[in-house]
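Dear colleague,

Please find the structure we spoke about just below, together with its sequence. My notes on it follow, and I would be glad if you read them with the model open beside you.

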Amino acid sequence: MTPIYDRVALIGLGLIASSMAHAMREKGLAREIVGYARSAETRAAALELFCDRVTETAAEAVDGADLVVLAVPVGAMGEIAVEIGPRLKDGATVTDVGSVKQAGIEAVVPHLPQGVHFIAGHPIAGTEHSGPRSGFATLFVNRWWLLPPLEGADTASVARLRAVLAAMGAKVDEM
């Protein structure tokens, strides 16, 4: 498959992000996958298993990224958004995988520059395992990935994100 994104930045490298990376790699959906996690041990595992490169800061990870996935606890998203906001490229899409939407939106959107598109998301998938070694490419196959109402969202950015999620096997719907 032709890559949908040139560079994907995964901020947080647990089960969901590692599974996304495995699926994107298996399907050829991204030319480069860059990761960031606070722990050096997690970064090392991600580099070994699924990232093309890892960085020591979230800001470095998002440099040049077309898609940024916030796979951190919702309570940490605001701090991450403050850090990455100035480094996001024009036209980039930022999404999240948090379990609540309004708190994530309120924490992230105020820190994104104009021209960056935030599309909240919620994969309904998981296992009892966590961490970078727990991910697998088929986690999202036939699982729902919900997007909140998208009024006013950039239609091209939404279409691209939906395409990559569907290519990973997810059933994408707006809710």
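**The sheet and its crossovers**

β1, α1 and β2 form a β-α-β unit that is right-handed, a term meaning that, with the strands pointing away from the viewer, the path from the first strand over the helix to the second runs clockwise. Please keep in mind that this is a predicted model, in which local features need pLDDT of at least 70 and side-chain atom pairs count only at pLDDT 80 or more, while totals for chains, interfaces and linings use all residues. Residues are numbered from 1 along each chain as its sequence is written, and side-chain values use heavy atoms, with hydrogens and water left out. The helices (H or I, at least four residues) and strands (E, at least two) are DSSP runs, numbered from the N terminus.

The strands belong to an open sheet of 6, in the order β3-β2-β1-β4-β5-β6, and their pairing is parallel; two strands are taken to pair if DSSP finds at least two bridges between them. At the edges are β3 (53–55) and β6 (117–119), each of which pairs on one side only. On average, neighbouring strands of this sheet are turned by 25° against each other, direction ignored, where axes are lines fitted to C-alpha atoms, for helices over the stretch in contact, and angles run from 0 to 180 degrees between N-to-C directions.

Between β1 and β2 there are 6 bridges in the parallel sense; A9 has V34 as its bridge partner in β2, and I11 has Y36. On the β3 side, β2 and β3 run parallel and are joined by 3 bridges, with T55 in β3 as the bridge partner of Y36. The chain passes from β2 through α2 to β3, and this β-α-β crossover is likewise described as right-handed. Of the 7 residues of β2, 6 are buried, so that the strand is mostly covered; buried means under 20% relative accessible area, exposed over 50%, and partly exposed in between (1.4 Å probe, protein chains only).

**The helices around the sheet**

α4 lies across β1, β4 and β5 and runs at about 155° to β4. In α4 (residues 77–84), the buried residues are M77, G78, I80, A81 and I84. These residues cover an arc of only 160° around the axis, which puts them on the same side of α4; the arc is that of the directions from the helix axis to the C-beta atoms. Their cover includes β1 (5–11), α3 (58–62), β4 (67–70), β5 (93–96) and α5 (102–108).

In α2 (residues 40–49), T42, R43, A45 and A46 are buried. Seen down the axis of α2, they fall within an arc of 165°, so they line one face of the helix. These buried residues pack against β3, whereas A40, E41 and E48, on the other side of α2, are exposed.

L49, also in α2, is partly exposed, with a relative accessible area of 33%. Residues up to four places away in sequence aside, L49 touches H22, P132 and R133, contact meaning heavy atoms within 4.5 Å. L49 and H22 are 27 residues apart along the chain, and their C-alpha atoms are separated by 8.5 Å.

**The nonpolar cores**

A nonpolar core here is a set of buried Ala, Val, Leu, Ile, Met, Phe, Trp, Tyr and Cys residues joined through side-chain atoms within 4.5 Å. In the largest one, which has 37 residues, M20, M24, W145 and M168 touch the most other members. At least two residues of this core come from each of β1, α1 (15–27), β2 (30–36), β4, β8 (144–147) and α6 (155–167), and α1 gives the most, with 7 residues. Leaving aside neighbours within four places in sequence, M20 is in contact with V69, V97, F140, W145 and M168. There is also a second, separate core of 23 residues, which includes A58, A61, I80 and V116.

Finally, N142 sits in the loop between β7 (122–123) and β8. The phi of N142 is near 60°, a positive value in a residue other than glycine, and at 55% relative accessibility N142 counts as exposed.

With kind regards
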